[in-house]
There are 2 protein chains.
Amino acid sequence: MKNSPEVKIQNFLPQESQSIGSQLHRLLRAAIIEGELLPGQIISEIEMSKRFDISRQPVREAFIKLAEERLVEVRPQRGTFVRKISVKEVLDARHLREIIEVSIVREVSAKHDAELINRLRQLITQQKETAPGDAHAFLELDEEMHRTIALHAGREYAWRVTESIKAQMNRVRFLSFDFAQSKFELAGEHAAIVDAIEAGNADLAAQLMEKHLRGILATLPRVVSQYPDYFTDN
Amino acid sequence: MKNSPEVKIQNFLPQESQSIGSQLHRLLRAAIIEGELLPGQIISEIEMSKRFDISRQPVREAFIKLAEERLVEVRPQRGTFVRKISVKEVLDARHLREIIEVSIVREVSAKHDAELINRLRQLITQQKETAPGDAHAFLELDEEMHRTIALHAGREYAWRVTESIKAQMNRVRFLSFDFAQSKFELAGEHAAIVDAIEAGNADLAAQLMEKHLRGILATLPRVVSQYPDYFTDN
DNA sequence: AATGCTATACTTGTATAGCAGAAAGTGTAT
DNA sequence: ATACACTTTCTGCTATACAAGTATAGCATT
C-alpha cells in the first residue's frame, strides 16, 4: 500500500468481491461468445458444479443470468442448452445497435475533446498491435473503444444495451474469424470514425459508424451456410 | 379437439409453466413499479420466503432477476434493497427510449396497415374507459400500445429494451399520479400519433412521439421535490 | 414393421438444514 | 462518552433429498 490513499479511495468501488456465481457467469459468457461452448450444446447444472467443484446453487444463478442475456435456454426437466444463434435476432439487434451508436457518435462529434481523441487513437494503436489470431485481445480493445465513446457521451444506459447486442454479434464474428482476418480493416474503420469525430463532422462520423456496423451483414450469410446447425431462423 | 390439428401444431409453444421463482419475480416487479414496495426499503430473502411460504432459493432467483433490471440492489452481507430511483438513470434511459421509439414510429408510418390502426384505436378506447384511478389497468394498456407498434415494425429486440426502460419511467409516473390525472391527455397523445401513422406522415408521427415521451421531463422535478428520499443523483 | 409399454436415468425446480463471513445493532465496562 | 465484546441479521454457499417432467433404450404386442 505505497500509493497515495486518496487515489485509491476515489477509484474504489465496493468491488463486489465477485461471488462464485458471478465469476462463473463471466466465464461461461466468454466461453459461449468465443465458441468454446457450441450452439446447441447441453450444459447441465450438475456437470458444471462437478467441473468447477462448486454446488448447484451458484451454477443455477449463472445460468439464470445467461438466460436473461439469451445466451442459454433453460428448458425445465430437459436441460440447459447453449442457444443457437438466431439470424433474425442478430439482424434485429444489429439494427438497434446502429441506431444507438450512430446517435452517440453524432453527440460526441459535437464535443471536441482532445483527450478523448488521444485515448481513442491509443486504443486503435493497441488494436493493431494485438498478436495475430488473438481474437480475444482484439475483442476487448474493440469493446473498450465503443464503451469509451458511449460513456463520453454520458450514455451509460445505451452502453449497457449495446454491450448485450455486441455479445450476440460477436458470436457470429468469432465463427467467421473476422477478428483475425480483418484486424487492420476494422482498426482502419475505427481510425476514420475518430478522424471524423475530431473534425466535428457529425454527418461523416455517423455515416462511417453505420458502415462499420454493417460489416456483419456481409459476413453473416457466409457463416450461416458454413455452420448451418449453429443457427436458427434462416 | 374439434379444431384442425394443423393450426394447433403451428401455434404450439411449450408454455413454460411458470416456476415459483418467475412468478415471484413478476409479482415483486409490479410491486416495486407501482410503489407498493418503497424505494430504499429492505426486503430480505428470509422475509419473503416466510411471507409466501416458499424456500429461499426461488426468492434468491427472483432477486437476481430484479437486480439485473436494476429494480433492487443486492448488497452482500447487508441485505437486499428496493433501489432508489436514479434521476440520472431515468433521464439517460428516457433519452434512449426516445431514440428507439421515434425510429420505430417512423418505420411503422411507412407501412399503411389498416388492421394495425384499428387495433391501436381499439386500445385507445379501452384506455379512456379504464376506471378512474385504476393506474394498473391504464399502464397495461399503455404497455400493450407501445408493444403493438414495436412488434408490428418487427423490432422485438428494441421492444425488450423499451420494456425495461419503461419500468424505470413508470416508477416516476406512479409516484406522480400521472396516470390518473392525465389519462385522457395521454390517450389523446396516443390518438394523435396513430392519426399521423395512418396518414403516413412519418415526420409528424416522430415529432408527436418525441413530445409524448418528453412528458416525464416536466413531471420528474416535481416528484423529486415531493419525495426527495425516494431518489438519488439530484 | 410399427406401435405401445416399461424400466431407467437424467434434468430442473424446490425444500430443508446448516455454516462462513461480513455488517450492523446492543449492551457493558471503562 | 468511548471502547469493546456479544448478538443478531444478512447474503453466499454447501449438502442432501425429493418431486415431476423428459428422453431413451429395450421388450412385448399387434
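Reader: Which residue in β2(B) is the bridge partner of B:R75?

Author: In this predicted model, B:R75 has B:G79 as its bridge partner in β2(B).

Reader: How many bridges join β1(B) to β2(B), and do the strands run parallel or antiparallel?

Author: The two strands, residues 72–75 and β2(B), run antiparallel and are joined by four bridges. Three residues lie between them in the hairpin, where B:Q77 adopts a positive phi near 65 degrees.

Reader: And which way do the residues of β2(B) point?

Author: B:G79 and B:F81 point one way, B:T80 and B:V82 the other, and all are buried. In a regular strand, side chains alternate between the two faces of the sheet.

Reader: Turning to α8(A), why is it described as largely enclosed by the rest of the structure?

Author: Because 17 of its 21 residues are buried, α8(A) is largely enclosed by the rest of the structure. The helix covers residues 156–176 and reaches 30 Å from its first C-alpha to its last, close to the 30 Å expected.

Reader: Where is the kink in α8(A) centred?

Author: The kink, of about 25 degrees, is centred on A:M169. Just after the helix, A:F177 takes a positive phi of about 60 degrees.

Reader: Now the interface: what area is buried between chain A and chain B?

Author: About 2600 Å² is buried, with carbon and sulfur atoms giving 52% of that area. A:D92, A:L96 and A:Y157 supply 24% of what chain A buries against chain B, more than any other three residues. Each side is represented in the contact, with 28 residues from chain A and 28 residues from chain B.

Reader: How many salt bridges cross the interface?

Author: There are six between chain A and chain B. One salt bridge pairs the side chains of B:R160 and A:E89, at 3.7 Å from N to O.

How values were computed:
Residues numbered from 1 in each chain as written. Chains lettered and ligands numbered in written order. Predicted model: local features only at pLDDT ≥ 70, side-chain atom pairs only at ≥ 80, totals over all residues. Heavy atoms only, no water. Expected span 1.5 Å × (residues − 1). Bend = angle between axes of the 7 residues up to and from the residue. Buried < 20%, exposed > 50% of the residue type's maximum accessible area, 1.4 Å probe, protein only. Pairing = 2+ DSSP bridges. Contact = heavy atoms within 4.5 Å. Buried area = accessible area lost by both parts, 1.4 Å probe. Salt bridge = Lys/Arg side-chain N within 4 Å of Asp/Glu carboxyl O.
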